[in-house]
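Visitor: I would like to go through this structure and hear what stands behind each label.
Guide: Ask, and the criterion will be set against the value.

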Amino acid sequence: TWLPLRKDLTPLTPYGAPQLPAQASLNTNENPYSPSPALQKAIADAVLVVAANLNRYPDRDAQVLRTKLAGYINSTSKLNLTLDNIWAANGSNEIIQSIFLAFGQGSALGFTPSYSMHPLIAKVCGTSWIDGKRNEDFSLNVQLAVEQIVESKPVLTFITTPNNPTGGAVAIAEIEKLADACKSVGGLLVVDEAYAEFSQEKSAVTLIANNPHVIVIRTMSKAFAFAGARVGYLVSDVAVKDAMMIVRLPYHLSALTQAAAQVAIDHRPELLGGVATIIAARESVVKALRDMGLTTIASSANFVLFTGFKQESPQLWAALLEKGVLIRDVGLSGYLRVTIGNEAENTLFVSALKELI
């Protein structure tokens with residue numbers, strides 16, 4: 001009672017998946033494949049060079065890293081972006097926070113269930129959050145979404161594709177309709193593409209040239225298998241990047257992080273080589289779940305949301321943990337989410353689940 005915590009924060013609880021010991025940790029959508037010894041050495045060598053100058057501040061604008069990230073996006077989407085179209089930060093969550101700090105002067109709209117940090121960061125930054133509606137199967141109803149945008153006139157509209165925690169992707173033609181709706185009300189469309197590399201859909205980065213009010217968020221945590229480094233970035237019109245520079249903290253991205261991430265991007269064929277393996281494993285897990293009589297939600301990401309079990313979600317989650325398998329209870333009654341792991345982890349998950357349902 002003595003702590004002068006903001007009253008609008010008192011009902012909130014900190015975000016975070018349980019960090020518990022398990023033989024198969026399949027709850028945070030991490031890539032299960034660690035960097036090769038050769039890549040580990042390359043990162044260590046780069047960090048060693050940087051370590052000689054740790055008495056100095058890093059490049060506060062991460063120009064080399066941003067240039068390399070622009071090159072990566074150009075190679076995958078056939079664009080001609082430069083570092084002025086990129087902003088990098090400590091994970092995509094800092095990117096989200098910066099967007100709210102720069103633009104969150106009105107309301108923000110998102111279509112739940114989706115990434116739970118969007119509304120949480122909105123509230124922390126003092127932006128009013130509006131929960132938009134989805135179809136019963138969790139797919140995005142674009143016509144309904146357009147109507148909600150026109151009606152509520154949010155300054156920020158968030159979509160996540162592929163969506164977390166449900167896994168569904170939004171086609172580029174549908175994103176264009178949402179972009180038009182946002183433009184009509186003077187708002188920005190924020191497309192969170194944390195899992196884009198696992199999807200076959202065309203990226204929303206291809207819309208930015210003709211739609212400067214579209215912002216795309218990406219991360220190196222998932223497909224790049226680089227979650228421990230904490231690097232997220234946005235792709236945007238130059239004016240959006242300039243706004244990020246206004247709200248960013250000084251020297252927010254360490255020299256060590258920048259050096260490691262630059263090496264990772266240079267070695268992207270190796271790191272992204274695991275994507276096809278994960279997609280194939282995802283389909284195998286989906287088949288195993290369906291063979292058990294369970295229902296899965298179509299996923300274009302590295303995880304699967306499933307239902308159809310008789311137990312309550314928390315009870316089945318706890319029972320799996322007792323068998324050494326940690327998955328995610330995402331708060332949707334009757335559903336659980338499992339990250340696709342390596343072969344041993346997936347096998348353990350499937351065998352444990354068979355014994356429990």
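Visitor: Where is the place of R337?
Guide: R337 is in strand β12, residues 335–339. Strands are DSSP runs of E with at least two residues, helices are runs of H or I with at least four, and both are numbered from the N terminus. This is a predicted model, in which local features need pLDDT of at least 70 and side-chain atom pairs count only at pLDDT 80 or more, while totals for chains, interfaces and linings use all residues. Residues are numbered from 1 along each chain as its sequence is written, and side-chain values use heavy atoms, with hydrogens and water left out.

Visitor: How do you know that R337 has no salt bridge?
Guide: A salt bridge is a side-chain nitrogen of Lys or Arg within 4 Å of a carboxyl oxygen of Asp or Glu. Lys and Arg count as positive and Asp and Glu as negative, with His and the chain ends not counted. For R337 the nearest side chain of opposite charge is E30, 9.5 Å away, so R337 has no salt bridge.

Visitor: What makes the pairs of R337 with N29 and N164 polar contacts?
Guide: A polar contact is a pair of N or O atoms within 3.5 Å; within protein, one must be able to donate a hydrogen and the other to accept it, and residues adjacent in sequence count only if both atoms are side-chain atoms. The side chains of R337 and N29 are joined at 3.5 Å, and those of R337 and N164 at 2.7 Å. Both pairs are therefore listed as polar contacts.

Visitor: Which peptide bond next to N164 is cis?
Guide: The bond from N164 to P165 is cis, with omega near 25°. The bond from T161 to P162 is also cis, with omega near -10°.

Visitor: Why is K41 with D45 called a salt bridge?
Guide: The closest N and O atoms of K41 and D45 are 2.9 Å apart, which is within the limit, so the pair qualifies. K41 and D45 are four residues apart in helix α1, and so separated by about one helical turn. K41 counts as exposed at 52% relative accessibility, and D45 is partly exposed at 36%.

Visitor: How many salt bridges does this rule give?
Guide: The count comes to 11 salt bridges. Among them is E197 with R218, whose closest N and O atoms are 3.3 Å apart. E197 lies in the loop between β6 and β7 and R218 in strand β7, so this pair ties together parts 21 residues apart in sequence. E197 is buried at 16% relative accessible area, and R218 is buried at 5%. D84, K241 and D242 are linked in a network of salt bridges.

Visitor: Why is strand β6 called largely enclosed?
Guide: Five of the five residues of β6 (188–192) are buried, so the strand is largely enclosed by the rest of the structure. L188, V190 and D192 point one way, L189 and V191 the other.

Visitor: What makes β5 and β6 a pair?
Guide: Two strands pair if DSSP finds at least two bridges between them. Five bridges join β5 (residues 156–160) to β6, and the strands run parallel. F158 stands opposite V190 in β6.

Visitor: Which strands pair with β8?
Guide: Strand β2 (residues 86–89) pairs with β8 in the antiparallel sense over four bridges, with W87 and L234 as bridge partners. Four bridges also join β7 (residues 214–219) to β8, again antiparallel, and R218 stands opposite Y233. Both faces of β8 are covered: G232 and L234 on one side and Y233 and V235 on the other are all buried.

Visitor: Is A62 buried or exposed?
Guide: A62 has a relative accessible area of 2%, so A62 is buried. A62 has a positive phi of about 45° although not a glycine. K153 is also a residue other than glycine with positive phi, near 50°, but K153 is exposed at 53%.

Notes. Buried means under 20% relative accessible area, exposed over 50%, partly exposed in between (1.4 Å probe, protein chains only).
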